[in-house]
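This report describes selected features of one structure, shown below.

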Amino acid sequence: MKKQRIEVDHVFKRFKKNEVLKDVSMTCESGKIYGIVGHNGSGKTVLFKCICGFFHCSKGEIRINGKCMGKDMDMLENSGIIIEEPGFLRQWNGYHNLEFLYTIRNKLDKTYLQSVLKKVGLDPKSKMPVGKYSLGMRQRLAIGQAIMENPDILILDEPMNGLDKNGVREMRELFNQMKQEGKLLILASHNREDIDVLCDEVYQMENGILKKEVR
């Protein structure tokens, strides 16, 4: 697996007169989990969207393995992303949702897709349509979608949203396993415990300003 490195270098992001990110810098490398804590509207999701290439920085640079986002590359490659709720096909079951997305770019491997669903705690043989899923089940499916192509980078905005205690425990184990595999994970959470348990480095985001915590 190739080592991954994300550098956020003095990034500003403005929407008209509203400055959402203010001189944000952080460096992330493979084999670690990075956590960002902050209230709604603090700038976490905007930062994630800039890292992924959905928004362009107003000032500063984001470099992925030395390549500048928006210049050398348009979108974050080899990544699994959860930002806001994915648009699943609600009349289909979980397996068929992943199957549809997976076959766009890959030769279908049913056994592999079934293993992904099992890994996130869903029954691959269930016929229940996603429209009848609980919030926690949809979140498990979103995590399945993010990991199904075995990406080296994971960008996860509130990945524990809607999960019960058992689901949170299972996803913590999964994320730790991915860290041990050498993947780079950045996650945002309202739940301080998730951040403290999982993360090697923690940042506070408030009013668009990012500060690293001393641990």
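## Cysteines

Cys52 counts as buried because its relative accessibility is 1%, where buried means under 20% relative accessible area, exposed over 50% and partly exposed in between (1.4 Å probe, protein chains only). Cys50 is likewise buried, at 1% relative accessibility. Cys52 takes part in no disulfide, as the nearest cysteine sulfur, that of Cys50, is 9.4 Å away; a disulfide is a pair of cysteine sulfur atoms within 2.5 Å.

For Cys50, the closest cysteine sulfur belongs to Cys57, and at 4.8 Å it is too far for a bond. The count by this rule is 0 disulfides.

## Basis of the model

The model is predicted: local features need pLDDT of at least 70 and side-chain atom pairs count only at pLDDT 80 or more, while totals for chains, interfaces and linings use all residues. Residues are numbered from 1 along each chain as its sequence is written, and side-chain values use heavy atoms, with hydrogens and water left out.

## Sheet

An open sheet contains 4 strands in the order β2-β1-β4-β5, with antiparallel pairing. Because β2 (18-29) and β5 (67-68) stand at the edges with a single partner strand each, one side of each has no neighbour in the sheet. Strands are DSSP runs (E, at least two residues), numbered from the N terminus, and two strands pair if DSSP finds at least two bridges between them.

Strand β1 (residues 5-15) is joined to β2 by 8 bridges. Lys13 has Leu21 in β2 as its bridge partner.
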